[in-house]
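I hope they are handy to have beside you while you look around.

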Amino acid sequence: MEMFKRLPRHIGIIPDGNRRWALQHGMEKQDGYAYGIDPGFQLYKICLNLGIEEMTFYGFTQDNTKRPKEQTKAFQKACVDAVEGLAHKDAELLVIGNTKSPLFPKELLPYTKPVKFGKGGMRINFLVNYGWNWDLTQGLKNINSYSREKLLKNIASSDISRIDLIIRWGGRRRLSGFLPVQSIYADFFVVEDYWPDFKPEHFYRALRWYQKQDITLGG
């Protein structure tokens, strides 16, 4: 295994390109999501072996649910399969999203509080039926007077820590509302290949790039 002098403590993953990959392979758009599950398991194993402390996967957003019904059902199922596939491995799982919506998969309700399996090993967060405005609105509703500390403690995703590195597959160069508070000082690396075409080398390339970044946290 490749060795690195400096590793990000928390990595955010935007696994994009599932629909474009499906069309490229002569499938319907919704068929691509099922092929995005195994790459997540591969990446989990690599990060666990490297000693990464925390990962956050972008499952689906509230905006995504405006897509055709068959696509919505497909990415809902993919999220459930991914979370349940990691259950009972060495991980502490947490799912963050609007549970009051009928579009939140009920199978994932037990994971809306941290659930530890095996040795724990690393924290894995999934954003499911997530919206940046929903996240921040929870913080504003729960404070009477503004302060940075109060806002950070009251946003819906307050259990998720600051992100050091975000990796987005699929070539798009945007955050798409991914945890705006935790991402504020994150470095951002783009992989041109689609998520179902994941290769470990994609991840190692991002880590090599990260070695050269000047981490100032705004200072």
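**Notes on the model**

1. Cys 47 is buried, its relative accessible area being 0%; here buried means under 20% relative accessible area, exposed means over 50%, and partly exposed is in between, with a 1.4 Å probe and protein chains only. The cysteine sulfur closest to that of Cys 47 belongs to Cys 79 and is 18 Å away, too far for a bond. Cys 79 is likewise in no disulfide, and with a relative accessible area of 7% Cys 79 is buried. The count of disulfides (a pair of cysteine sulfur atoms within 2.5 Å) comes to zero.

2. A word on the basis of these notes: this is a predicted model, in which local features need pLDDT of at least 70 and side-chain atom pairs count only at pLDDT 80 or more, while totals for chains, interfaces and linings use all residues. Residues are numbered from 1 along each chain as its sequence is written, and side-chain values use heavy atoms, with hydrogens and water left out.

3. Now to the charged pairs. Side chains of opposite charge can pair when their charged atoms come close. Ten salt bridges are counted in this model, each a side-chain nitrogen of Lys or Arg within 4 Å of a carboxyl oxygen of Asp or Glu.

4. Which parts does the pair of Glu 53 and Arg 9 tie together? Glu 53 and Arg 9 form a salt bridge whose closest N and O atoms are 3.5 Å apart. Glu 53 lies in the loop between helix 2 and strand 2, and Arg 9 in the segment before strand 1, so the pair joins parts that are 44 residues apart in sequence. (Helices are DSSP runs of H or I with at least four residues, strands are runs of E with at least two, and both are numbered from the N terminus.) Glu 53 is partly exposed at 44% relative accessibility, and Arg 9 is partly exposed at 31%. A network of salt bridges links Arg 9, Glu 53 and Glu 54.

5. In helix 3, Asp 81 and Lys 77 are four residues apart, so about one helical turn separates them. Their side chains meet in a salt bridge, 2.7 Å from N to O. Asp 81 is partly exposed at 28% relative accessibility, whereas Lys 77 is exposed at 53%.

6. Asp 16 and Arg 20 also form a salt bridge, with their closest N and O atoms 3.2 Å apart. Asp 16 is partly exposed, with a relative accessible area of 22%, and so is Arg 20, with 23%.

7. Next, the largest pocket, which holds about 840 Å³ of space. Among its 37 lining residues, the closest to its centre are Pro 15, Asp 16, Tyr 58, Gly 59 and Asn 64. A pocket here is an open set of points on a 1 Å grid over the protein atoms alone, where a 1.4 Å probe fits, with protein on both sides within 12 Å along at least five of seven lines; lining residues have an atom within 4 Å of a point. The volume is the space filled by probe spheres set on the points, which are joined across faces, edges and corners.

8. Buried or exposed: which is Asp 135? Asp 135 is buried, with a relative accessible area of 0%, and its place is in helix 4, residues 132-141. Leaving aside residues up to four places away in sequence, Asp 135 touches Tyr 130, Ile 155, Ala 156, Ser 157 and Leu 179, where contact means heavy atoms within 4.5 Å.
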